[in-house]
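Here is a friendly walk through a model with several chains. Please have your viewer ready and follow along chain by chain.

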Amino acid sequence: MKKNEIVPTLIIIAFFGLMLIHAMGLRFVKRFGEMGSGFWPILILAAAFLLSILLLISHLIKFQRERKQAPEERSTSSEEGIDLKNRRKRLALSVVCLLGYILLMPWIGFVLSTLLYVFAFILALGERRRLILAISPFLVTGLTVIVFAKLILMPLPRGVDIFAAFSRLIY
Amino acid sequence: MLEHYLTAFSTIFLPQNLLALCLGGLWGLMAGALPGISTSMGVVLLTPFTYSMSPLTAFTILVSAYCGGITGGSITSILFGIPGEPSSVPTVIEGHSLAKQGRAAYALWVFLLCSIGGGLFSVFVMMAATPLIANFALQFGPPEYFGLTMLGLSVVSGLSGGSVLKGLISCLFGIFLATIGTDGITGVERFTFGTTILLGGISFITAMVGLLAVSEILIEAEEPFQQYKGSVDYKGMRGEMPRVSEFKRHWLILTKSPIIGTVIGALPGAGATIAAFLAYGEAARSSKNPEKFGHGAVDGLMAAECANNASTGGSMTILLSLGIPGSNTTAMLIAAFMIHGLQPGPLLLGQRPDIVYGIFVAMLMANLFLLGLTIIGIRLFLQLNRLPYSVFSVAIMILCVVGAFGLSNNMDDIYLMFLFGLIGYYMRKYSFPIAPAVLGLVLGNLAELSLRRTLLLSLGDPLILISRPISAILLAASIFSILYPLFKRPKALKSV
Amino acid sequence: MKRVRILFLCVGLIGLWIVGSWNIASAEYPERAIEIIVPFGVGGGSDTAARAVAEGLKPLLKVPLVITNMPGGAATKGMLHVAQQPADGYTILAVTTSHLIDAVQPKTRAHILRDFDPIMRIQWDTTTVFISAESKFETLKDLLEYGKKNPRLLKFGGTSPGGWAEIQTVAFFKKLGVEVTFVPFAAGAETKAAILGGHIHGACEELAETLPLVKAGKLRAVAVIMEKRHPALPDVPCTAELGVDYTHGLMRAWAVRKGTPPDRIKYLHDVIKKALDAPVYKKFVQDNHLYARPGYLSPEDTRRYWEDEVRFFTGVLKELGYVK
């Protein structure tokens, strides 16, 4: 699959550039003899910045060459477009599930958030078998709680107020 | 000396010690296989139970758990792609790729034989040459550590896959990540942007679990559900046993790696992680088909596993001869020594030879016992594959989340892991190799700090780096290692 | 559908186990597990110390005692966590000297003096100044002579730049009129390896960590930072003999969030005090040579001691240029 690599390269350049500017503004502390807290990060970031510009240039050259050679190849068929759209949708769904999970966890506790997450994520993956949808959230959550919260007493988040009281019933 | 070994062997076969060996090994294997419990955590949790045991039984169980933890971590790495310890990252990269190609059982065999082989090698070296290795390790001051990290970083081009330029950027990104948090020389905060989440810096495991495991689940989640065939396929254990000829072909790597592992394992502050990466990088550099690295290269897996397990013996040498822990887990063993009224150190060998040789023998037996145990245990692990793909996937994700949480019992690591999951996803999409980033993250901090320590020692004179023999050799070797691929494959630089 | 039945059975069994262990609430104060937050990683000095106290405390409590390690941010992440928990006496913070140093210039929103009430000080450790046994220096006097003639050429290692290790090293030598170069290392093990290898001259560290190597003749202790000689090292002079008014040591205490009901603090204080007499803890004190000076301080005295220490650290950090 052909990918447009110019935009990500620009993002990388922007990232290293911003960090470089930030590094320049770091409080420069040093001990006698050594080169201080700012030297190494600036060195690394400057090198990364230059190399990513080099990468951009090489992409641009390649891009130019390819456009000259075969301009008609770049049009994507509608079938590929639908496939790409579906891929993006599935990816977005799983990222949203995960984000929701980790944001909710400190508030509603590990047990409830995991139950919800397991259900939501396997649904997002495309699981439609009712039995698996019904059982696996409880199975996965139960096993995790037993191993991590009960056996090795990991202080998994319990949530706040009423959710904390609920979590304490279990672990 | 010989009679000490004979006594040690006869005591290890006492029923209570054999039982300790089994229980410790099982516990360690479980702790290591579960993300979220590190090997040291496993040893800590076991320690209170050893209060009432006789010292030798106590150490047998702890040492066995230590060895088991390291083995167990690699099982999770190969089958699920979650690195349990920073040292198992090469195993994740190569072993899990093999597993995805349906050769999980093969990868497990290779890992088992190599890690046990590496472990045994280092135990033998430890038995024979403890004082020698410890004295050599003491020669390593800050300039030598800097040379070592440079040598480690110099293999980056070997790990870059197709594009050296992208590999370098990826590596620099990793080194940059390592500078986040408190500066180890002046104590000032860098790149924390006033937040508490980045205050302690980015822990290796958080970043690695995100970059390697979470990103992979995201990649797989993208695929249409029906086309999915199962993340880890396997044939029978027996049919997948590697042939002797395969080991013969890689004899050079199989000799180099355990030596690297034992020596570097003895350096406090370096340990298993750097050992595994150096051996892996060396294998990549000297390999005949370096393009296979990152896509299931057996020699890479062999090198990393040999070195990783050989480092246990290395860190035990310096613990026993000098009382200095080479790794987190050996630091825990010191606490266990104290509980039993023993002081690890040069005096121990004279005062309690039964304990010291007992530990040597226990490590030897633990390695052998684990070989048998894992061969049986792997069948059980492979059964997990029968789970529906969706459940398997979600279970791995939850293990990642719990594993990140367990690092410091804090939500912060989970958020960082999520962020690194996204970064890893885009790195994979745009074919930026992940291994160099991990290499940079692991070595970056040590490289910077040892360079600055060196300058502190020399009051600002950089010539100290080349006026000391070991550091000069290491630096020369790293320059050679950087330039070597240019002569060998001049095309490598051109193809971006 | 045998598989289905097995699955259901699993779910049922797990449910039974969870329901079966529901905690039955009782009214009196410790009605559920008490959690001790150790803001350092597993296996470190603070962790083993807290675990030793907990070992003695467990039989005295009717509720479970859980130790949770929350490393990060020079012990401030764990402190912040405790400061965010309800002030109900169920979360205890294991305080060390690093929190007092943090109070000079807090890294997080939490402040040890403002947000916490001490339960008690538990330990007060002793620092030794040591060099390699192969060093050309025999006594502290040799070291000082050399250091006065060659400022900055004496190199002393230690962990935590700007933290306890640097303060005790630099402040101690400053009192003696010597300027040393402090070389920060990541862990005590690395510092000791660097001393044994002859890469740096010495370090100032807690006695228990160095004693085995001193006894083995690999390291040489030249002074203990205390008002009297330490029983474990009777031949080594103390700072009082050397005419230096400097006796600071590493402190470990336990504290709860400010606003915890006084009767709960009192309960905890009494029960922990009893735990300090347990044989397990006594053995820990013996093994770690903490018997030289009394560790225990009452809550009020602990607070006064903390305030004094913070004042001292503010002065030192200002001198070192960390605080303006």
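The report below takes up the model, its chains and the places where they touch.

## Ground rules

This is a predicted model, in which local features need pLDDT of at least 70 and side-chain atom pairs count only at pLDDT 80 or more, while totals for chains, interfaces and linings use all residues. Residues are numbered from 1 along each chain as its sequence is written, and chains are lettered from A and ligands numbered from 1 in the order in which they are written.

Chain A has six helices and zero strands; both kinds of element are DSSP runs, helices being H or I with at least four residues and strands E with at least two, numbered from the N terminus. The C-alpha trace spans about 65 × 60 × 25 Å along its principal axes. For 171 residues a compact globule would have a radius of gyration near 16 Å, but chain A has 25 Å; the radius is taken over C-alpha atoms, and the globule rule is 2.2 Å times the number of residues to the power 0.38.

Chain A is divided into domain 1 (6-71) and domain 2 (85-170), with bounds from an automatic or database domain assignment. The C-alpha centres of these two domains of chain A lie 39 Å apart.

## A kinked helix in chain A

Where does H5(A) kink? A kink of about 35 degrees lies at A:Ser136, shortly before the proline A:Pro137; the bend is the angle between axes fitted to the seven residues ending at a residue and the seven starting there.

Both A:Ser136 and A:Pro137 are among the buried residues of H5(A), which also include A:Val140, A:Thr144 and A:Phe148. An α-helix has 3.6 residues a turn, so residues three or four places apart point the same way. After H5(A) comes A:Leu153, with a positive phi near 55 degrees.

## Chain B: a globule

Chain B has 21 helices and two strands. Its 496 residues would give a compact globule a radius of gyration near 23 Å, and the 22 Å of chain B agrees. The C-alpha trace of chain B spans about 60 × 60 × 50 Å along its principal axes, and buried residues make up 67% of the chain.

One helix to look at is H2 of chain B (residues 15-33), whose 19 residues reach 27 Å from first C-alpha to last, close to the 27 Å expected. The buried residues of H2(B) include B:Gly24, B:Gly25, B:Trp27 and B:Gly28. The buried residues of this helix pack against helices H1 (2-12), H3 (39-46), H4 (55-80) and H15 (353-383) of chain B.

## Where A meets B

Here 55 residues of chain A are in contact with 49 residues of chain B, contact meaning that C-beta atoms, placed from the backbone, lie within 7 Å. On the side of chain A that touches chain B, H2(A) gives the most, with 11 residues. By class, that side of chain A has 36 nonpolar, 10 polar and nine charged residues; Ala, Val, Leu, Ile, Met, Phe, Trp, Tyr, Cys and Pro count as nonpolar, Asp, Glu, Lys and Arg as charged, and the others, Gly among them, as polar.

Chain C is divided into domain 1 (31-124 + 250-320) and domain 2 (127-225), whose C-alpha centres lie 28 Å apart. Between them, 10 residues of domain 1 of chain C are in contact with 11 residues of domain 2 of chain C.

Towards chain B, 40 residues of chain C are in contact with 40 residues of chain B. The largest share of the side of chain C that touches chain B, six residues, comes from H8(C). C:Ala194 sits in that helix, H8 of chain C, and counts as buried because it has 28 C-beta neighbours inside 10 Å. Leaving aside neighbours within four places in sequence, C:Ala194 is in contact with B:Gly141, C:Gly157, C:Phe185, C:His199 and C:Ile200.

Technical notes. Buried ≥ 20, exposed ≤ 12 C-beta atoms within 10 Å, placed from the backbone. Contact = placed C-beta atoms within 7 Å. Expected span 1.5 Å × (residues − 1).
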